[in-house]
Amino acid sequence: CNVEGGFLVGRSLWHTRGMNKDQLFLQAQRSHQEGNLVQAERDYEQLLIRDAEHAGALHYLGLLWLDRGEVSAGLRLLEQSLRFCSKCRYGVARSR
């Protein structure tokens, strides 16, 4: 996956057709928790293609990238998640 200008660009995934954003986010979280990181990453990316401001997908994809050693890209996504987080229900705190 590539990050260009703060937005993810990449592949279109057939397996997410017919899912709404909430369903896709839950599927990505489930895959992440089960250790299926490739699938989780694809689902977070697909969700961000649909909604580039989805704070939860930005947050968890950022954590996934940090765990993988992609520190700069991971931190960039975490920073973006804070900008778009309105209620911070994804385990992140927002400060002003």
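1. A residue counts as buried when its relative accessible area is under 20%. In this predicted model, Gln29 has a relative accessibility of 18% and therefore counts as buried. Gln29 lies in helix α1, which covers residues 21-33, and, once neighbours within four places in sequence are set aside, Gln29 is in contact with Tyr44 and Tyr60.

2. For the overall layout, the protein chain contains 4 helices and 2 strands, and from the N terminus on these elements follow the order β-β-α-α-α-α. The chain has 96 residues, of which 41% count as buried.

3. Helix α1, to which Gln29 belongs, is made of 13 residues and reaches 18 Å from its first C-alpha to its last, close to the 18 Å expected at 1.5 Å a residue. Its buried residues are Leu24, Phe25, Gln27, Ala28, Gln29, Ser31 and His32, and the elements that cover the buried residues of α1 include α2 and α3.

4. Helix α2 runs over residues 37-50, and because its 14 residues should span 20 Å at 1.5 Å a residue, the 20 Å between its end C-alpha atoms agrees with that expectation. The buried residues in α2 are Ala40, Glu41, Asp43, Tyr44, Glu45, Gln46, Leu47 and Leu48; of these, Tyr44 is one of the contact partners of Gln29.

5. How should the packing of the helices be read? Two packed helices are described by the angle between their axes and by the distance between the axes. For α1 and α3 the angle is about 20 degrees and the axes are 11 Å apart, which means that α1 is roughly parallel to α3. The crossing of α1 and α3 is left-handed. Here Phe25, Gln29 and His32 in α1 meet Gly56, Ala57, Tyr60 and Leu64 in α3, and by class the residues of this contact comprise 4 nonpolar, 3 polar and no charged.

6. The pairing of α3 (residues 55-67) with α4 (residues 71-84) has axes that come within 8 Å and cross at roughly 160 degrees, so α3 is roughly antiparallel to α4. In this pairing α3 passes α4 in a left-handed crossing. From α3 the contact draws on Ala55, Leu58, His59, Leu61, Gly62, Leu63, Trp65 and Leu66, while α4 supplies Val71, Ala73, Gly74, Leu75, Leu77, Leu78, Gln80, Ser81 and Phe84. Divided by class, the contact of α3 with α4 has 12 nonpolar and 5 polar residues, and no charged ones.

7. Ser81, found in helix α4, deserves a separate comment. Is Ser81 buried or exposed? With a relative accessibility of 1%, Ser81 counts as buried. Ser81 and Gly62 are 19 residues apart along the chain, and their C-alpha atoms are separated by 8.7 Å.

Methods. Residues are numbered from 1 along each chain as its sequence is written. This is a predicted model: local features need pLDDT of at least 70, side-chain atom pairs count only at pLDDT 80 or more; totals for chains, interfaces and linings use all residues. Side-chain values use heavy atoms; hydrogens and water are left out. Axes are lines fitted to C-alpha atoms, for helices over the stretch in contact, and angles run from 0 to 180 degrees between N-to-C directions. Angles under 35 degrees count as roughly parallel, over 145 as roughly antiparallel, 65 to 115 as roughly perpendicular and the rest as oblique. A crossing is left-handed if the near helix is turned anticlockwise from the far one by less than a right angle, and right-handed if clockwise. Contact means heavy atoms within 4.5 Å. Ala, Val, Leu, Ile, Met, Phe, Trp, Tyr, Cys and Pro count as nonpolar, Asp, Glu, Lys and Arg as charged, and the others, Gly among them, as polar. The expected span of a helix is 1.5 Å times one less than its number of residues. Buried means under 20% relative accessible area, exposed over 50%, partly exposed in between (1.4 Å probe, protein chains only).
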